[in-house]
Amino acid sequence: MNGRQSARTTTGRGGFPGLRAGLKGAAVVAAGLLALTACGGGGDASAKGEKSGDKAAAATRTVKHDAGTAEKVPAQPKRIVSVSVTMTGHLLALDAPVIASQATPPSVITDQQGFFTQWSEAAAKNSVKVAYQGFEPDVEKVLALKPDLIIGASSGAENAEKFYDKLSVVAPTLLYRHDDVSWQDLTARLGKDLGLEKRATEVVAAHEKRVGEVKAAITVPKQSAALVRDNQSAMTVFTPESAQGRLLTSLGFTVLEPPAGKGETQGGRSDFAEFSQEKVADTEKDSSLLFVSHTPEEITAATARPVWKDLPAVKDKRVYDLGLDTFRLDYYSAGNLIDKIEKAFG
């Protein structure tokens, strides 16, 4: 998801020329792909595998995910297509066999292809292709990639729930919410569902080790930390239960609760809400300000506004830049955030 834009869901039901007419054909092609996939296969392939003793051919599973239940999911997938640029980072950290990924329009938080900068190098190393660019799944392009498994999101702007049935015709499809869980929990869940439990454990353990090292090396301010993102006309506040809030808490910070009352949530998200600048400033009071996904110039402009410039955090220079890549936390961006915290408070 582009950190410079709101995380409002933009998916719709239309927008695929010729898809309806070709849906039956897609089903036939997809069925053929599943039959030919080494670790996928339907009932016939499973039965044949059992008779021949070929466990790999018979190894499929049923997986419950956030948009339903998928059957005949390969126990060891070989060709994963990600229809969520957010989920791609989690998959790459697991060394999952991602062959292609959705990309966003290029911006300050992406490379030229539209891949997030925190994992674009890993994507290049693994020869990950751009499946399509945009927030709505291009089912025909996904079909052409011949995946044996599709991974996507059921929250955020790349929410693919409305396209779940169409994607499931191509290959078994798993969709996950990424807004109401820590990236560690999501990594563990993906590891279990994809047969990559060992790697998931290693990734989380490496992160926790780094957290412990940095926590012991920094001096945390006595004031609470307000995790915010400036939208000029309003201010987004991240909750203590957000992925960012949980990481800061694990490092010893006390994360400020959002203002009382219901703010505007975006795309059904539960990890942050948007409030007026005045309401956030009044709630912030003496808290330190930690800005999520901003350039230094944007932070300077935000804190120069009349509503912010006289706050204790601004006067005392307790304003911190958490980095451009911190709107979406995965193994890579979480590591970058920890580096920022170590530099600022070490």
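A residue is termed buried when its relative accessible area is under 20%, exposed when that area is over 50%, and partly exposed in between (1.4 Å probe, protein chains only). The structure is a predicted model, in which local features need pLDDT of at least 70 and side-chain atom pairs count only at pLDDT 80 or more, while totals for chains, interfaces and linings use all residues. Residues are numbered from 1 along each chain as its sequence is written, and side-chain values use heavy atoms, with hydrogens and water left out.

Phe116 is buried, with a relative accessible area of 3%, and Trp119 is buried at 0% relative accessibility. Nine aromatic pairs occur in the structure; rings of Phe, Tyr and Trp (its six-membered ring) pair if their centres lie within 6.5 Å, and planes under 30 degrees apart count as stacked, over 60 as edge-to-face and the rest as tilted. The ring centres of Phe116 and Trp119 lie 6.1 Å apart with their planes at 65°, so this pair is edge-to-face. Ring pairs join Phe115, Phe116 and Trp119 into a cluster.

Helices (H or I, at least four residues) and strands (E, at least two) are DSSP runs, numbered from the N terminus. Trp119 belongs to the buried residues of helix H5 (residues 117-125), which are Gln118, Trp119, Ser120, Ala122 and Ala123. Among the elements covering the buried residues of H5 are H4, strand S4 (98-103) and helix H15 (331-345). With contact meaning heavy atoms within 4.5 Å, Trp119 touches Val85, Thr88, Gly89, Leu92, Ser101, Asp330 and Tyr332, residues up to four places away in sequence not being counted. H5 is followed by Ser127, which has a positive phi near 55°.

A nonpolar core is a set of buried Ala, Val, Leu, Ile, Met, Phe, Trp, Tyr and Cys residues joined through side-chain atoms within 4.5 Å. The largest such core has 48 residues, of which Leu91, Trp119, Ile151, Leu174, Tyr176 and Leu194 touch the most other members. Helix H4 (residues 85-93) supplies the largest share of this core, five residues. Another core, of 26 residues, lies apart from it and includes Val211, Ile218, Phe238 and Ile341.

Phe238 and Phe327 are both buried. Their rings form an edge-to-face pair, at 6.1 Å centre to centre and 80° between the planes. Phe238 lies in strand S9 (residues 234-238) and Phe327 in the loop between S12 and H15, so the pair ties together parts that are 89 residues apart in sequence.

Two strands are taken to pair if DSSP finds at least two bridges between them. S4 and S5 pair in the parallel sense over four bridges, and Ala103 has Gln133 in S5 as its bridge partner.

A further open sheet, of mixed pairing, is formed by five strands in the order S10-S9-S8-S11-S12. Strands S10 (272-276) and S12 (319-321) stand at the edges with a single partner strand each, so one side of each is left without a neighbour in the sheet. The twist here averages 35° from one strand to the next. Strand S8 (residues 225-230) pairs with strand S11 (residues 288-291) in the parallel sense over four bridges, and Leu289 in S11 is the bridge partner of Ala226. Helix H12 (residues 296-303) packs on this sheet, touching S8, S11 and S12, and its direction makes about 155° with that of S12.

Note on methods: Axes fitted to C-alpha atoms, helices over the stretch in contact; angles between N-to-C directions.
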